[in-house]
Amino acid sequence: MRRSQAAPGVESSCQIRRHARSAPALSPGPSTSTSPPPVPPRGSGSGGTMFTSTGSSGLYKAPLSKGLLLVPSALSLLLALLLPHCQRFFVYDLQAIKDDFQIWRLICGRIICLDLKDTFCSSLLIYNFRIFERRYGSRKFASFLLGSWVLSALVDFILVEAVWYSFGIAAAGNLPSGFLAPVFALFVPFYCSIPRVQVAQILGPLSITNKTLIYILGLQLFTSGSYIWIIAISGLISGICYNSKMFQVHRVLYVPSWMAKFFSRTLEPIFSSSEPTAEARVGMGATVDIQRQQTMELLDRQLMLSQFAQVRRQRQQGGMINWNRLFPPLRQRRNVNYQDDRRSEQQASPPLEVSEEQVVGGVKFAEKSRIHILS
């Protein structure tokens, strides 16, 4: 009777817990034990619930992300505060590139942001997207940025010409400067590979997830200028082409091994961050890197399991209103009515009082019947 009174989502949650306990831990390399690592506490080493599971905090194992945070931001501040007369060399003017053949603007105008708001938003996004450098490695991450940066320059020309011939709007000389297109391109693998988990729910279908803050930053960057939507669309198109391996772009636009070795020996010691010592080691791996990889995989697994439980719970509740709470199912109502009847019968029928004479008489009658059967 207790089992029929259980809530609709209890059985699915118990199955998810049993599945999480029985699932083996995934380890990328050798480890000292095959048992799964313990569950880390919420908010330790993962950036909290509002951020994605980026592993260790800080910029450890992300030298390229650290370089993209420090160098362009410092140059942007330098041009805005101390050298404002030099900003004309970093203007992203496609009209000057096409008419005056100023090809150097394709490089200078697409590296440094001249607007400090764009610098701030893009820096926050690059810091949150450092998870891809840890997962892919610095060389593959740099190849993605290089490929999306080159492809977006070609898409910029196409979009500007399409806007001119379609609406008569000349946007070639008003495009925002900076390393913005590869930042928008990183939203493609972020949407495809990072699992989402619900943090809070607003009005049923509207929910706040661990990826909401990143999307809000992207929307803020998208609305910071008049023609930045051209850069955003070109970045998303280049990110889709590179991430889906369309036209085999990843085999043409990539960082060669000799260049990666050169920068790893010269610049990586400068931008590399020390290992965080205050972070608790979670996992059973033989090395610290394996332990962090196990932690990231365990967090991703927990996110997917919680997302699955949330979908099951929403299906059982029936959308925005919990109809099961207002109108209980027929089987549950029958069980409740049956239990109420049993309780009323027990309360209505008082306990019978048995006297000592009746007990003695019953014992004598049992002995006589036993003697009769034996004879």
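Predicted model: local features only at pLDDT ≥ 70, side-chain atom pairs only at ≥ 80, totals over all residues.
Residues are numbered from 1 along each chain as its sequence is written, and side-chain values use heavy atoms, with hydrogens and water left out.

On the surface, Leu70, Val71, Leu75, Leu77, Leu78, Leu81, Leu82 and Leu116 form a nonpolar patch that has about 700 Å² of accessible area together, as given by the Shrake-Rupley method with a 1.4 Å probe, where for residues only the protein chains shown count as cover. Such a patch is made of residues with over 30% relative accessible area and no salt bridge, nonpolar side chains (Val, Leu, Ile, Met, Phe, Trp, Tyr) being joined within 5 Å and like charges within 9 Å. Helix α2 (residues 63–81) gives the most to this patch, with six residues; helices (H or I, at least four residues) and strands (E, at least two) are DSSP runs numbered from the N terminus. Leu116, by contrast, has its place in helix α5 (residues 116–128).

The largest pocket has a volume of about 920 Å³. Of the 25 residues that line this pocket, Leu64, Leu68, Ala142, Phe263 and Leu267 are the closest to its centre. A pocket is here an open set of points on a 1 Å grid over the protein atoms alone, where a 1.4 Å probe fits, with protein on both sides within 12 Å along at least five of seven lines, and lining residues have an atom within 4 Å of a point; the volume is the space filled by probe spheres set on the points, which are joined across faces, edges and corners. Helix α2 also gives the most to this lining, with seven residues.

Three salt bridges were counted, each being a side-chain nitrogen of Lys or Arg within 4 Å of a carboxyl oxygen of Asp or Glu. Lys98 and Glu161 meet in one of them (2.9 Å, N to O), linking helix α3 (residues 94–99) to helix α7 across 63 residues. In another, the closest N and O atoms of Asp156 and Arg110 are 4.0 Å apart; Asp156 lies in helix α7 and Arg110 in the loop between α4 (105–108) and α5, so the pair ties together parts that are 46 residues apart in sequence. Asp156 is buried at 0% relative accessibility, buried meaning under 20%, exposed over 50% and partly exposed in between (1.4 Å probe, protein chains only), and Arg110 is buried at 4%.
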